Every structure is written in structure tokens, then in C-alpha cells.
Amino acid sequence: MGGRSRQPKVLAFRCYAASHRSLTMVVWCLAALVMVVNFHLLLVHKEDEDTRVHEIHRSIVGELEKVEEEKFRVSPPRSRRNPRAVRRKGEQKPPSVVDEFLDESSSVHAMFFPERKMAIDPKNDGNDSVYFYYPGRVWLDTAGNPIQAHGGGVIYDEKSETYFWYGENKDGKTYKAHSKGADRCVQGALMRAYNFPAVLDSVYEAQLPGDMLQVCSVRKVDIVGVSCYSSKDLWTWRNEGVVLRGEEKNATHDLHKSNVLERPKVIYNDRTGKYVMWMHIDDTNYTKASVGVAISNSPTGPFSYLYSKRPHDCESRDMTIFKDDNGKAYLIYSSEDNSELHIGQLTDDYLDVTNNMRRFLIAQHREAPALFKYDGTYYMITSGCTGWAPNTALAHAATSVMGPWETLGNPCVGGNDIFRSTTFFSQSTFVLPIPGLSGSFIFMADRWNPSELRDSRYLWLPLTVGGLPDEAADYSFMFPLWSRVSIYWHRRWRLPEGWRES
Ligand code: GAL
């Protein structure tokens with residue numbers, strides 16, 4: 001009996017246990033289902049959110065990436081040579097648009113250097129020009145004076161939440177310095193006009209027609225120093241003064257006014273709490289070919305000049321510095337008669353170079369390097385070597401900052417052929433990330449005015465990274481496919497509203 005009666009109990013228990021197990025299973029399954037559904041919903045939501053953010057981003061960037069054509073006609077060149085000279089030397093080829101651009105008496109020149117009454121003026125608020133960049137116009141500071149920050153660069157100072165723009169103060173008289181040997185102005189014009197070899201010999205200079213010499217003998221201003229401007233909005237700039245001064249009396253000093261100080265750049269050292277400035281230091285003939293270093297406790301200076309040297313015992317002319325996300329910093333400079341670029345890591349205090357140096361773009365004759373990083377890839381814009389005369393920019397990319405560096409092609413978009421082949425009549429100096437707008441940057445360039453260097457203009461234009469490059473990589477089987485780097489021509493543009501937060 002007992003056995004008989006036990007069995008159903010066991011059975012009942014088993015049934016109970018089985019049904020309990022299956023109930024638990026069902027509960028678990030349901031829970032899993034709910035989780036899967038939730039997870040899916042989360043994914044869908046995230047995708048929607050991503051698409052929304054992406055769309056907002058696209059519409060914002062779309063503004064910057066509008067392709068603006070330039071209708072630009074040059075009137076037939078006037079012959080500036082007298083008929084006897086023409087009979088003696090034969091007819092010479094007419095001046096190019098670039099020659100006209102450089103010639104202060106030409107209407108083309110006037111077109112590219114509009115008068116001061118057209119200036120970007122932060123004091124003139126209340127009109128629809130506020131926050132608009134007008135590439136090539138005079139740009140006034142908050143005191144109403146033209147900004148003097150040529151060959152410059154911008155840093156964002158976390159402590160003061162302020163941008164600082166450093167550059168050459170060229171507010172002095174432009175004069176023709178004695179030009180021999182390595183002068184790159186003459187060299188550049190020669191290369192362009194006559195296809196002469198890269199290394200200038202004074203023999204070539206002697207062969208130059210008079211009017212060409214007029215245009216390209218070395219034009220310089222005495223060293224005034226490095227100016228600093230501060231801004232919260234990247235448009236309204238307050239003059240913080242000359243933070244590193246030229247030397248008036250001591251003729252043996254690197255900064256003696258008769259020498260050359262170009263392309264100053266500043267980075268902040270998180271370890272030492274110092275602001276460190278690197279610059280190109282040279283003599284009038286560009287034969288010293290060195291870098292100089294200065295240091296300050298404050299972004300607004302004063303900077304104390306430390307020393308100059310030839311990095312890695314190599315010539316160094318156009319240069320820049322770059323601070324990576326991991327705090328390591330690098331010096332990039334044109335070397336070996338400007339025929340190649342070098343990149344060298346700085347010491348931890350940023351006051352010197354280490355021995356870690358690589359050569360790149362060998363025999364490419366590039367200068368005016370401006371390095372930036374996006375999405376783990378390093379990019380660089382460079383110019384050709386034609387002195388104050390504009391030439392074609394190139395974009396380069398690398399997965400490691402020390403290289404190898406690959407050339408992507410001309411980044412300039414819009415304008416017209418001549419605009420694109422002359423970097424919109426300017427030369428690169430710096431690329432500044434636009435905070436909150438990933439993949440978008442401000443390309444900073446100088447439109448040099450060799451006849452009146454203090455009146456050289458600034459071109460700030462949007463630069464974006466994205467899409468496929470025009471030219472296939474040289475060794476595409478070894479290198480990743482790079483994104484295209486594009487610099488968009490705009491006569492007038494501004495940063496999208498809320499650029500800091502977007
Ligand atoms: C350019 C250089 C400028 C300045 C100029 C003088 O090639 O980029 O910074 O040195 O030559 O001719």
C-alpha cells in the first residue's frame with residue numbers, strides 16, 4: 001500500500017518538480033526574451049541616435065563643405081619691357097597670374113589685398129558680418145589694429161579656457177635684403193619661371209631679367225618679435241602684446257633685428273607647467289638654418305629665449321611642432337636645402353630634440369608643414385618651396401607620426417584651377433581642430449605680400465577629413481586607404497552655431 005501510495009507522491013513530486021523546472025525555464029526564457037528585446041531596442045535606439053547625431057553633424061559640416069566656385073578673369077598682361085630690350089633679348093613669356101599677384105602695381109594684386117575699409121572688425125558688431133571669416137581681408141583686433149601674427153599657430157589653454165594665437169609680428173618696413181646663396185625667394189621664382197635646379201647658384205640670379213629680380217629679391221622686415229592674441233570665440237582677438245621681443249642692440253644675439261624669426265609655435269607641457277615656444281631662427285641669407293626655443297610660465301608671456309641649434313646637426317628652416325594626445329611632442333622641419341622633411345621627437349620637457357629622427361618626403365622639396373591628427377591617423381599639409389610666392393599644397397598621411405608618410409594629393413577644393421594650384425594664393429601654417437566637430441578643422445594660411453610684408457593676410461578655411469582620396473596611394477597594397485583631406489574655398493564663412501557643444 002505504502003509502496004503504492006508512495007508512487008503517486010513521487011510521481012506528483014516529480015511532476016511538481018518538472019512543472020516547477022519548466023516554469024522556471026519559462027520565466028528564464030521570458031526574462032531572456034525581455035532582455036533580448038530590450039537590448040535590440042537599445043541598439044535600434046542607439047543606431048537612431050547615432051544616425052541623428054550623424055545627420056546633425058553632416059548638416060553642420062555640409063555648410064563648411066559647400067563647394068564655392070570663383071569667377072576670376074585676368075586682363076591681358078601689360079608689357080613692361082621697352083622695345084629695345086625686347087629686340088635685344090627677344091620676347092619673353094608674359095607674366096603669370098602669380099607674377100601679377102606678386103606685383104604691387106598690378107590690379108590683380110589689389111584684388112587679392114582688399115583695402116582696410118573692408119576689414120574684419122570685431123568692434124563693428126550689430127551687422128551681419130559678426131563671426132564671419134573673410135579670407136584675405138585685413139583682420140582687426142579688439143583695439144582696431146590689424147592682427148600681426150604671421151606664420152602662426154593657435155593653442156587652446158585649458159586653464160584659462162582661452163585660445164591663444166602666436167605669430168610673427170611683421171609690423172616694420174619691408175626692405176630688400178642682400179640676396180645670395182640659399183635665398184629661397186629667388187630660388188622659388190626661378191624654379192617656377194625657368195625650371196632651374198632647386199639649389200640656387202648666384203650664376204642663375206645674374207641671369208634673371210630685371211623685372212623678375214624686382215619681384216623676388218629677398219624681402220624682409222626686421223625682427224619685431226612674436227605677438228600673442230587671445231580669444232574665446234576664435235574670431236574676436238585681443239592683443240596680448242609682443243611676448244618674445246627682437247633684440248635692438250646686441251648684434252650677436254639670435255633675435256637681433258637684422259636676423260630672421262619665423263613660424264613660432266607654442267605648446268604647453270603638462271609635466272613642467274611651462275609654455276614652450278619653438279621657432280625658425282636664421283640670418284638674413286637663411287644660412288644659419290636653425291631652430292630657437294623659448295619658455296614661459298604664462299601663455300601671455302613674457303617668454304625667455306633659451307638657445308638655438310641645428311636639430312640632429314641638420315639644417316632646419318620652415319618648421320612646426322606637434323603635441324600628440326599622449327603628451328609626446330615632435331619637431332617637423334625642412335632640411336637639406338629644403339629638399340626633405342625631418343621629424344624628431346622632443347625631450348619630455350619639450351626643450352630639446354631627442355635622437356629619434358626620421359627623414360621623409362625625401363627629394364620632394366616641401367615646406368610650411370602643418371600637422372594634425374584625426375581618428376588615430378596623422379595628417380600633414382605642406383607647400384612647395386617658392387619663397388613668398390604661392391604654390392600648390394599637398395596633403396600627406398601616416399599611421400605613425402614618425403612615418404612612413406604617404407602623399408594624398410592637393411587638398412584644395414573650390415575656387416578655380418589657379419586658386420587650387422596656389423592654395424588659394426596662400427601658404428599653410430597651422431591646422432586647428434574645431435572642438436566638438438570631429439573631423440573638422442580650421443586651415444590657417446598666410447597670403448604673403450612681399451612688397452609690404454606687414455600687410456600679409458590670413459586665410460582661415462574649413463578643412464575636413466572624409467571620403468576617398470583622389471590619388472591612389474603609391475603602395476596601396478601596403479598602406480591603408482586614407483581618407484581625403486579637403487580644404488574648402490569660401491569668400492565668407494563662419495563656424496557653425498554651437499560649435500563648441502555640438
Ligand atoms: C617661404 C617660407 C616663409 C619665409 C619665406 C621667405 O618659403 O615658408 O616662412 O621663410 O619663404 O622667403
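Strand β7 gives the most to the lining of the second largest cavity, namely three residues. This is a predicted model, so please take all that follows as computed. Along with β7, strand β2, residues 162–169, supplies at least two residues of that lining. In total 15 residues line the second largest cavity, and those nearest its centre are Lys170, Val221, Asp222, Ile223 and Leu261. Sorted by class, that lining has seven nonpolar, five charged and three polar residues. The volume of the second largest cavity is about 130 Å³. Searching the whole structure gives five cavities of 30 Å³ or more.

Now the largest pocket. It holds about 980 Å³ of space. Its lining counts 36 residues, with Ile155, Tyr156, Lys323, Leu432 and Pro433 the closest to the centre. Which strand supplies the largest share of this lining? That is β1, with five residues. Strands β1, β7, β11, β15, β20 and β21 each supply at least two. By class, the pocket lining has 20 nonpolar, eleven charged and five polar residues.

Last, the surface. Val26, Leu30, Leu33, Val37 and Leu41 form a nonpolar patch there, with about 460 Å² of accessible area together. One of these, Leu30, is found in helix α1, which runs over residues 2–64. Is Leu30 buried, partly exposed or exposed? Its relative accessible area is 49%, so Leu30 is partly exposed; the cut-off for exposed is over 50%. A patch residue needs over 30%, and Leu30 has 49%.

That is my part.

Methods:
Residues are numbered from 1 along each chain as its sequence is written. This is a predicted model: local features need pLDDT of at least 70, side-chain atom pairs count only at pLDDT 80 or more; totals for chains, interfaces and linings use all residues. Side-chain values use heavy atoms; hydrogens and water are left out. Patches are made of residues with over 30% relative accessible area and no salt bridge: like charges are joined within 9 Å, nonpolar side chains (Val, Leu, Ile, Met, Phe, Trp, Tyr) within 5 Å. Accessible areas come from the Shrake-Rupley method with a 1.4 Å probe; for residues, only the protein chains shown count as cover. A salt bridge is a side-chain nitrogen of Lys or Arg within 4 Å of a carboxyl oxygen of Asp or Glu. Helices (H or I, at least four residues) and strands (E, at least two) are DSSP runs, numbered from the N terminus. Buried means under 20% relative accessible area, exposed over 50%, partly exposed in between (1.4 Å probe, protein chains only). On a 1 Å grid over the protein atoms alone, a cavity is a set of points where a 1.4 Å probe fits but cannot get out, and a pocket is an open set with protein on both sides within 12 Å along at least five of seven lines; lining residues have an atom within 4 Å of a point. Grid points are joined across faces, edges and corners, and a volume is the space filled by probe spheres set on the points. Ala, Val, Leu, Ile, Met, Phe, Trp, Tyr, Cys and Pro count as nonpolar, Asp, Glu, Lys and Arg as charged, and the others, Gly among them, as polar.
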